[in-house]
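Have the structure open as you read.

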Amino acid sequence: MTSHEYTDEELITQFQAGNESAYLELVERFKNRLFSFIYRFVGDVDLAEDLLQDTLVKVYTHKHSYREIAKFSTWIYTIAGNLARTELRKRRRRATFSMSALGLGGRELELPSTDHTPSKIHEGVQTEAAIQRALGQLPLHFRTVVILRDVQELSYDEISKIMKIPLGTVKSRVNRARLRLQEILSNLDENRRNKD
Amino acid sequence: MDCSDFRVLASAHLDFELSFAKQRSFLQHLEGCELCARLLAHMQKIQLHLKQGVTASLSPDFVARLQERLRTDLARRPAWWRRLVEPGASGLSPASLGGLAVAAMAVLAISLSLFRPEAAPLVEPAGQSLQAGPPFKLIPAQPGSANPSGVADVSTGSDSLLERRDPARRDFSRQMKYVSQVGRP
């Protein structure tokens with residue numbers, strides 16, 4: 001039986017029993033998803049990688065904290081989200097965190113495209129930067145739900161467990177977050193047009 | 001349905017969560033309102049872009065660096081801690097850890113009950129009055145002494161453990177005793 005046949009919950013149980021290869025399998029399964037989640041959250045590649053490493057170290061050292069009453073993905077996203085939020089708060093307190101520091105200033109908003117010509121790829125990069133910039137302007141509680149829902153494509157139920165808020169609150173928060181994101185991107189687009 | 005209702009339901013529409021009746025009314029509004037149609041189209045495009053993922057990617061040596069960090073982090077921890085978390089080591093089960101925690105709490109509770117300081121009585125015990133003899137004697141304050149305040153010092157009498165540990169509490173307690181004695185007829 002290959003490890004792909006095990007569920008995440010079975011793998012963490014095996015790791016709790018001392019099987020280190022189960023841990024490495026979990027790392028393989030989650031590293032890219034979590035990286036994209038954290039990157040969308042903090043907007044910085046190096047910081048996202050550091051926080052991902054912290055998350056995975058925490059899973060290793062606190063493996064017995066996991067109980068099978070929750071999905072493993074809920075647990076690991078909770079750890080990653082908490083670490084990312086804590087880091088952002090720390091940075092905000094130190095007043096060293098700014099979107100300009102992320103090298104995203106002055107980027108334009110373009111809509112996504114499936115065209116892969118060089119100019120379109122360039123536009124794609126710009127769009128991603130604009131989206132990232134707009135995400136950075138969302139309040140943390142809005143940013144978290146929109147990333148969990150639209151980037152990670154988690155269910156409302158799972159988001160509710162990760163954020164420890166009622167299902168109805170998740171739904172209304174996702175709606176408000178999407179509307180706010182749309183508003184921010186429209187303003188960015190309008191600014192760009194005015195500059196042109 | 002008006003534009004504000006439309007905005008409330010926009011997300012549920014994107015997630016296919018609207019009931020048949022609400023969906024029909026939503027689409028009817030969409031046909032007649034250009035502003036809402038543009039809003040929804042923009043939201044759909046943003047959502048699509050978010051789903052496409054990020055172009056940034058992890059370093060190829062990420063897992064190797066993670067393993068190295070785990071090795072160095074664990075090496076820095078004390079041996080007893082490593083035994084608890086290292087896979088393959090004779091780690092304690094969660095049940096054993098729970099037992100240890102209960103035992104530690106029991107030891108702590110016993111220690112606290114044994115070493116609990118004697119509390120100062122709030123009222124003077126019955127029968128222990130001035131007529132029976134003062135529990136302390138008053139020494140007049142000497143000029144230039146360590147107690148220039150004029151408040152009588154107390155050389156005898158038993159201070160509670162708390163009072164002996166805390167000079168401020170002791171002084172206050174002594175002054176109160178003095179005041180209560182002086183104030184009696």
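Which residues line the largest cavity? They are A:Asp150, A:Arg178, A:Leu181, A:Gln182, B:Leu14, B:Met43, B:Ile46, B:Gln47 and B:Leu50. A word on ground rules: this is a predicted model, where local features need pLDDT of at least 70, side-chain atom pairs count only at pLDDT 80 or more, and totals for chains, interfaces and linings use all residues. Residues are numbered from 1 along each chain as its sequence is written, chains are lettered from A in the order in which they are written, and side-chain values use heavy atoms, with hydrogens and water left out.

A cavity here is a set of points on a 1 Å grid over the protein atoms alone where a 1.4 Å probe fits but cannot get out, and lining residues have an atom within 4 Å of a point.

Now zoom in on B:Gln47, which sits in H3 (residues 34–51) of chain B. At 8% relative accessibility, B:Gln47 counts as buried (under 20%, 1.4 Å probe, protein chains only). Its side chain makes a polar contact of 3.2 Å with that of A:Asp150, meaning a pair of N or O atoms within 3.5 Å, one able to donate a hydrogen and the other to accept it.

Note on methods. Helices (H or I, at least four residues) and strands (E, at least two) are DSSP runs, numbered from the N terminus. Buried means under 20% relative accessible area, exposed over 50%, partly exposed in between (1.4 Å probe, protein chains only). On a 1 Å grid over the protein atoms alone, a cavity is a set of points where a 1.4 Å probe fits but cannot get out, and a pocket is an open set with protein on both sides within 12 Å along at least five of seven lines; lining residues have an atom within 4 Å of a point.
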